[in-house]
Amino acid sequence: MSIKEEIDKLTQELKVYQDKYYKEGISLVSDNEYDRLTDRLIALEKEHPELQHPDSPTKRVGSDLTNDFPEVKHTIPVLSLDKAYSDAAVLEFFSRSIQKEGGALSFAAEEKIDGISMVLYYEKGILVRAVTRGNGEVGNDVTPNIMTMHSVPLSLPEPVDIAVRGEVYLEKADFERLNAAEADEAKKAANPRNLAAGTVRRQKSSEACRVPLTIFCYEGFWSNKAETPSDHLHILSYLRSLGFRINPHLAFFDSDKEKARKKLDDAGLEGEAYSFEEIDEFIKKKTAERKNLPYEIDGLVFKINELGVREKFGYTEHHPRWAIAYKFEAPQAEAKLLDITVQVGRTGRITPVAEITPTKLGGSTIRRATLHNQEYIDELELAIGDTVSVSKRGDVIPAVESVTEKNNEGNTTYKMPLDCPCCHSPVVQVGGLQYCQNYDCPDQVKGRIAYFASVDEMDIVTLGPKTVELLYNAGLLRNIEDIYTADFQKAAGLPGFGDKSIELLQKGVKESLSRPFATVLSALGVADIGKKSAEILVKNGFDSIDKILNAVDRNDTEAFSSIAGFGTVTGERIIRAFSSERLRETIEALRKAGVHMSAEEDEKDEEENEQVFAGQVWCITGSFQHFNPRTKALKEIEKRGGRTVSSVTGKTTHLLSGEGGGSKRAEAERLGVKIVSEDEFLEMLGQEKAETESDENGQMFLL
Ligand SMILES: [Zn+2]
């Protein structure tokens, strides 16, 4: 098939699918298949724009526009929500928001109804338009059909100008009844949402009227800001008083249960009160209740209650920053297992990794998924060539969940090698996991060095995994401590390594000497001591390496295990790890190089850093040459006593504006906030101007 023929065929197919789905609520193909075809067509059209049809279905990706109902521009932001797949991720959203605000916040939790998102526009209290979400900017005007719904008030008791968001849905029982009565098999809907979607778009409202759609409303946007309540709970009670249908299954979270209860009472709302710690309990309860509800829900929505804070946090391009949707089901996709590779980590752990056909999952294309260990592979009876289902759950690493179809190539269950794939020393089993126990195993050594230098640890900018690999192979880096003693001049001439690279690497290494002791402690990569544990150790009196080593030498497990959150196992692991002669050699060499080995050294360093930004409030926009990621610029500001915020307000004193700074820059100009360029900022920091890398070397620093 020629490219042109393939484009023509995909265009035709997708048009049929779109029409069926958006006009009749019928999915002819699975979402995955639909996405796959759409991606393929987008890719082909990108390569051959001259072959794109003027009415290509790709122009409507993610939109629900149809030809039947006029398009209307929304006057309020109608965005979808960022997603979470675990209670930990929701808790993380709570704490991230509270930290960002720097003060107390409370959160409303609502059921995420699996229906059709709708915006009801009222002018002077009269319903003038009901508009589907569409692509978030433009939706379809479906007013005549929505007007048939008894749960949507046609006029309000007050002459307000308001836009109300809600979810139109069909109860399960109504769906079963209507579907059973539908004689034409082909016209039966797959689920309540499909039937509701089809109904909202019926051409005759007299037909739509026969389907008992209903709505739960959950947001109100008043044209007159002065009429807007100050928090979400009062929005809900106000909406209810205007005659809108509100979901009674409301939950509310605050730092303690009593506070949450009081806020619900103040707003005159029924609802369940929870403290933040009870999030997992709440999610478990809702997950269990889900199947007994009269309507379908696919998740829970958590929103910041305080509207002033919502305004401050604002929106990303795609989502509000003040809300998150917990989804009951993690995104899943099918892929073929092409191969299994085996990785050796910095701790020596050997992990099998599935190499799969490129697959779209939760918004990104994945090619690899974890398989945990041999036991897991055995349980799945997984063989190369099998078709597998992969999912993204709590964390970002996708995992193989199950085998959906066995291979027909005669492959049997995969067995991991008995030798380390890197150094070929025998693999040792420890509690179901496989380890290479050779401390000098090249993959382990490289992993340790790269971990030590990584952004979250010592942050030696130019020393990414690929550079470590290069310098290791050249014999320049064979240990963490070599970072501070190696003669990097000898790297001159290595592929992509010019004088400039050497200079930057040396500069990065020198800068890392000022990292605080807690960071050094965690960068060592010792079992159980991550960033958080390192900080806890320092706070609990282990504020120098000597204090730690002394306790280890006394074999004083209790000194560690008595720390809140540590326990005996952790205590024993710390003692075992720091008893290692090899680790102690590294520590002594690092001490000699001038790396901080006590909190006292941190303090000395801080005193030398003047607080030149004290009393200033900085915001940042655009991208930078010298600060990548740009959070590095924020750290520089904070180090010098400045405060950083995420949006420009009247209190902001400086806007650090890089390339492509858009709306924040305009806002700063409007408010008369001082705008600082990257060069000016570097001058303020007393550093040289941003260096532009030559193309020859540039690649090395993207790592
Ligand atoms: Zn090895």
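User: Is Cys-423 buried, exposed or partly exposed, and what is its relative accessible area?

Analyst: In this predicted model, Cys-423 is partly exposed, with a relative accessible area of 22%. The cut-off for buried is under 20%.

User: And what does Cys-441 count as, buried or exposed?

Analyst: Cys-441 counts as buried, at 0% relative accessibility.

User: Which residues coordinate the zinc ion?

Analyst: Cys-420, Cys-423, Cys-436 and Cys-441 do, each through its SG atom, at 2.3 to 2.4 Å. The angles among the four donor atoms are 100 to 114 degrees, and the site is tetrahedral. Along the sequence the donor residues follow the spacing C-x2-C-x12-C-x4-C.

User: Where in the chain are Cys-423 and Cys-441?

Analyst: Cys-423 is in the loop between strand E17 (399-405) and strand E18 (427-430). Cys-441 is in the loop between strand E19 (433-436) and helix H13 (442-453). The two are 18 residues apart, and the pair links distant parts of the chain.

User: New topic. Which residues of helix H5 are buried?

Analyst: In H5, residues 172-181, the buried ones are Asp-174, Phe-175 and Asn-179. Seen down the helix axis they fall within an arc of 120 degrees, so they line one face of H5.

User: Why would residues a few places apart point the same way?

Analyst: An α-helix has 3.6 residues a turn, so residues three or four places apart point the same way.

User: What is on the other side of H5, and what covers the buried residues?

Analyst: Ala-173, Glu-176, Ala-180 and Ala-181 are exposed on the other side. The cover over the buried residues of H5 includes helix H6 (192-200).

User: Now the sheet with six strands. What is the strand order?

Analyst: The order is E2-E12-E11-E3-E9-E10, in an open sheet with mixed pairing. Strand E2 (82-84) and strand E10 (272-275) stand at the edges with a single partner strand each, so one side of each has no neighbour in the sheet. On average, neighbouring strands of this sheet are turned by 30 degrees against each other, direction ignored.

User: How many bridges are there between E3 and E11?

Analyst: Seven, with strand E3 (residues 107-113) and strand E11 (residues 297-304) pairing in the antiparallel sense. One of the bridge partners is Lys-303 in E11, which goes with Ala-108.

User: Which strands does helix H3 touch?

Analyst: Helix H3 (residues 87-101) packs on the sheet and touches E2, E3, strand E9 (251-254), E11 and strand E12 (323-327). The direction of H3 makes about 15 degrees with that of E11.

User: How many residues of strand E7 are buried?

Analyst: Eight of the eight residues of E7 (residues 162-169) are buried, so the strand is largely enclosed by the rest of the structure. Ile-162, Val-164, Gly-166 and Val-168 are on one side, and Ala-163, Arg-165, Glu-167 and Tyr-169 are on the other.

User: Which strands pair with E7?

Analyst: Strand E4 (residues 116-123) is joined to E7 by seven bridges and runs antiparallel to it. Strand E8 (residues 214-222) also pairs with E7 in the antiparallel sense, over eight bridges. Val-168 in E7 is the bridge partner of Ile-116, and Tyr-169 stands opposite Thr-214 in E8.

User: Last one. Which residue other than glycine has a positive phi near 50 degrees?

Analyst: Glu-381 does. Glu-381 is in the loop between helix H12 (374-380) and strand E16 (387-391) and is exposed, with a relative accessible area of 51%.

Conventions. Residues numbered from 1 in each chain as written. Predicted model: local features only at pLDDT ≥ 70, side-chain atom pairs only at ≥ 80, totals over all residues. Heavy atoms only, no water. Donors = N, O, S within 2.8 Å, 3.2 Å for Na, K, Ca; no water. Tetrahedral: all angles 85-135°; square planar, octahedral: opposite > 155°, others 65-115°. Helix = DSSP H or I, 4+ residues; strand = E, 2+ residues; numbered from the N terminus. Buried < 20%, exposed > 50% of the residue type's maximum accessible area, 1.4 Å probe, protein only. Arc of directions from axis to C-beta. Contact = heavy atoms within 4.5 Å. Pairing = 2+ DSSP bridges. Axes fitted to C-alpha atoms, helices over the stretch in contact; angles between N-to-C directions.
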